[in-house]
Amino acid sequence: MTELKHPELLRSCSFINGKWQNSGQQFRVLNPATDKEIIQVDEVTHQQVIDAIKAADAAQTKWQNMTSVKRGEILQKWSALIFEHRNDLALIMTREQGKTLTDAKGEVLYGKSFFDWFAEEAKRVYGDTIINHEADKQIQVIKQPVGVVGAITPWNFPNAMITRKAGAALAAGCCFVVKPAAETPLSALALAYLGQKAGLPDGVFNVVVGEDAKTIGKELTTHPLIKKFTFTGSTKVGKLLSQQCASSVKKVSMELGGNAPFIVFDDANIDLAVDALCNAKLRNCGQTCISPNRIYVHQAIFSEFKEKLVLALNNVKQGNGEDKSNKIGCLIHHQAAKNVHAMVEQAKQQGARVELGGLTEEPSASFYPLTILTNVKHGDDITRQEIFGPVLTLISFDDEQTVVQQANDTEFGLAAYFFTDNIHRVHRVSTQLEYGMVGVNEAAISSAMSPFGGVKHSGFGKEGSKYGLDDYLTVKAITLGYK
Ligand code: ADP
């Protein structure tokens, strides 16, 4: 087994106020591909969570008064250290999360790109001057950091879901306390280690790790010193945390679940669509909130599309992500594989046909094979849930209006994709889809430069892009009298 070049990146307790804080009570971090323990990590205590919030608050004034150029320089240094340690960071991620090393390296670079982007954006916090609304007055509009940020992040992107939030928060001048998922604390702690090396002052970036999500989450969503709360995870937990934030009226952003339609019209470039679908679906074994979840294929090209898709996915090698010959890894734990299996079994009972993959028995490990289902109808249970696994459900359609209605017929509104060579349809359909992000003849839609976020039950707020800082800034109007 490959060893880490820098074993000091592997940390085993929370990082609070620039110090590694033990607690004496531990939980296990497992490698989902082997079920073996990687390391035991100290469960943060309730008091330590409060300490982290207070440390962030104590560091806040100095951090926000530092020039944006200086804050940007620290982010850039942090980014350079991430790049230097990219292989180790990827290995840690593959071991705790199960994705392939290629996916993990891709994520580390994607994660770092948010520091690069926001290091520059930090300098572009502009205000306005509004003149002449009354003869002897002028209004100055300025933007200021909202204050200490609490964050909770999921296990599917253990690095990038933190950098996407922390990059913007720190650039805007906000100190940060994050709770990563208990399944994947190690990537977060490695990031903290490099952040300190990059010159982050004590208290500016804190990581609290533990399995007791409820207690930690309650503090991060209700403590009066936290001024803004940001969450990426399931809609169910997001709704609960939004409610908790309401008691102290925090500024909130929520990046929640999706149920992405992927529509292939009869005038589409079929090879392009198949290729894009495979890449998007294989990424992280289908465990991304923007993963194509419902594949609507025009009936005139259905057979051709299905055959090409089966051919493309027929021999994709699956196994431990550390083995470079594997193109797809495992799911986050056994239960995740069981959940996917249950969804496929239910779909079969509702008439779905297995064209590829599937299992005859409930899985006893974290692996679920690449599976293609046909004869799925819009409205079947599997089309109403986020699959979060390597299962493609093919649904036939025959007219544009109906398929757009079906695509929108969900409470979610994160990402949607469609493939067509008809320019009129491109404009029509992209405006009609009720989603925060739409890919047209393209399924790779994530970039630090592009606003990421959903509508409806998929949440609110934008991460990345020139809009990303807004979630961490408040707008102040200063009326200047001339009298
Ligand atoms: P997923 O299905 O991706 O695990 P979750 O919404 O359950 O999505 O988890 C995302 C993050 O939310 C994780 O860090 C998890 O620990 C945290 N979490 C889950 N339940 C709660 C809760 N009741 N309060 C606070 N955080 C929670």
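Because the model is predicted, local features are reported only at pLDDT of at least 70 and side-chain atom pairs count only at pLDDT 80 or more, while totals for chains, interfaces and linings use all residues. Residues are numbered from 1 along each chain as its sequence is written. The protein chain has an average pLDDT (the predictor's confidence in each residue, from 0 to 100) of 97, and 100% of its residues score at least 70. For the complex, the predictor gives an ipTM of 0.97 and a pTM of 0.98.

An unreviewed UniProt entry carries the annotation "domain: Aldehyde dehydrogenase" for residues 22-478; such annotations may be inferred rather than shown by experiment, and their positions are given in the numbering used here, with feature names shortened. This span is 40% helix and 19% strand, with its end C-alpha atoms 46 Å apart. Helices (H or I, at least four residues) and strands (E, at least two) are DSSP runs, numbered from the N terminus.

Turning to the strands, β3 (residues 26-30) and β4 (residues 37-42) run antiparallel and are joined by five bridges; pairing requires that DSSP find at least two bridges between two strands. R28 stands opposite Q40 in β4. Six residues lie between the strands of this hairpin, where D35 takes a positive phi near 65 degrees.

Around the ligand there are 14 residues, of which A213, G217, G233, S234 and V237 come nearest; a residue counts as near if its C-beta atom, placed from the backbone, lies within 6 Å. Helices α7 (213-222) and α8 (235-246) each supply at least two residues of this shell.
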